[in-house]
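Hi,

Here is the structure I promised to pass on. Have a look first, and my notes follow below.

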Amino acid sequence: MRHATLRTATALVAVGALALTGCGGDSGKKSEGKGGGESAPTVRLPKLSGQTLQVTAVWTGPERENFTKVLDEFEKRTGAKVEFVPSGDDMAGFIGSKVAGGGAPDVAMLQQVGVLQEFAKKGWVKPLGPAAKKELSENFSKGWQDLGSYGGKSYGVYFKASNKSLVWYNTQAFENAGVSEPKDWKGFLKTARTLADSGVEPVSVGGADGWTLTDWFENVYLSQAGPEKYDQLAKHEIKWTDPSVKQALTTLGSLFGAKGLLAGGNSGALQTAFPQSVTQTFKDEPKAAMVSSADFAAANIGETKAKVGTDAKVFPFPAVGKESPVVTGGDVAVALKDNKASQALLTFLASPDAARIWAGQGGFVSANKKLDPAVYPNTVFREIGKALVAAGDDFRFDMSDQAPASFGGKPGQGEWKALQDFLKNPKDVAGTQAQLEKDAAKSFGN
């Protein structure tokens, strides 16, 4: 299942990193690869003329634009009209209010396994129909199928996957400072200090979005504490007051609490949203030299003049323990209404036809085994995509996304808020642990 060994997952990021650092001048900006509707359809969709379908997701900016291209193709092939409804960061709260008001959208793109499970318990999401299940079973490994299941039933299609254990960096800033890609945490901090001494603030952190801080913590924790502890903490089988959490927060505090290493300082980081944390690293006059972010940061880099593979490169998240971590994430499509149009869209999203469209735009990785890697616009994503599929079931999924939404997936509360408070005061390790445990116990009910 999804909790396998760390070794193959580490190989996954190493393969991706080799491609990223050696991909020459391939651009992640506006190339369309071989994607879109050029290839012959692999899946038959019903005619839905006169039907309107509402779809909600958290995506904004380039991600929303690229997803809209996928929905446009669905409209073209079915005759249905699709309305995109932005959810904002609090997807669980948004859906809850819509369900209570009797106006739930037809399909939602959820980002947390925990949210899918909560919705399934409440009966808010509907099981996949035969056609969608067929596409899912043929095109995805068991690990990804299991992530979209609950109580023995299949509910979701992981349309978009991501590798969240990467550090993107401004190659010019590294060259100016005379530094190379660090391999471990000690080297990372040394590189950051050298960059700071060269006149550029080293690390961009999008602390205004709490989920970015959970990614920082999870990467440190997985590498330092190991996969077994990671699994236990993800399920709240051990408490957040555990010594392993103290060790991880102390390690993270060696960056967050060091003077001059965060772009804009701690207060600036807390006011920086994720998109800005990326773009400010790669604009003409960069405000930072590097940013830890998933592969989808390429879409934000595409809003600058920087080119992926030349101006913007990437290295694996530095090893804190014996090995670099690999944390994956993803967006799962679920039906909130069991109708023909909803099931047709889920069937489409489970097919390589839909994945091909966004993959051709860049900033997207799919776990779909049938997707031709040639559709990716550059070597960077071609290799990451191939490595993700080759990893099969051997990966660790984002810890906060596995938790109940009240703890791992809501702005201003739970893990997001506790880690924002930690970024504000990195010396308060014990207080952060106590708050995390209090919130986790309440959400998990134990």
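This is a predicted model: local features need pLDDT of at least 70, side-chain atom pairs count only at pLDDT 80 or more; totals for chains, interfaces and linings use all residues.

Let me start with Ser198, which counts as partly exposed because its relative accessibility is 41% (buried is under 20% relative accessible area, exposed over 50%, partly exposed in between, with a 1.4 Å probe and protein chains only). Ser198 lies in helix H8, residues 185-198 (helices are DSSP runs of H or I with at least four residues, strands are E runs of at least two, numbered from the N terminus). A polar atom of the Ser198 side chain lies 2.6 Å from the backbone oxygen of Leu195.

Residues are numbered from 1 along each chain as its sequence is written, and side-chain values use heavy atoms, leaving out hydrogens and water.

Next, helix H10 (residues 227-234): its buried residues are Tyr230, Asp231, Leu233 and Ala234. Seen down the axis of H10, they fall within an arc of 165 degrees, so they line one face of the helix (the arc is that of the directions from the helix axis to the C-beta atoms). After H10 comes His236, with a positive phi near 60 degrees.

Then there's an open four-stranded sheet, order E8-E9-E7-E10, with mixed pairing (two strands pair if DSSP finds at least two bridges between them). E8 (203-204) and E10 (312-316) are the edge strands. E7 (residues 166-170) runs antiparallel to E10, joined by five bridges, and Val167 has Phe315 as its bridge partner in E10.

Cheers

Note on methods. A polar contact is a pair of N or O atoms within 3.5 Å; within protein, one must be able to donate a hydrogen and the other to accept it, and residues adjacent in sequence count only if both atoms are side-chain atoms.
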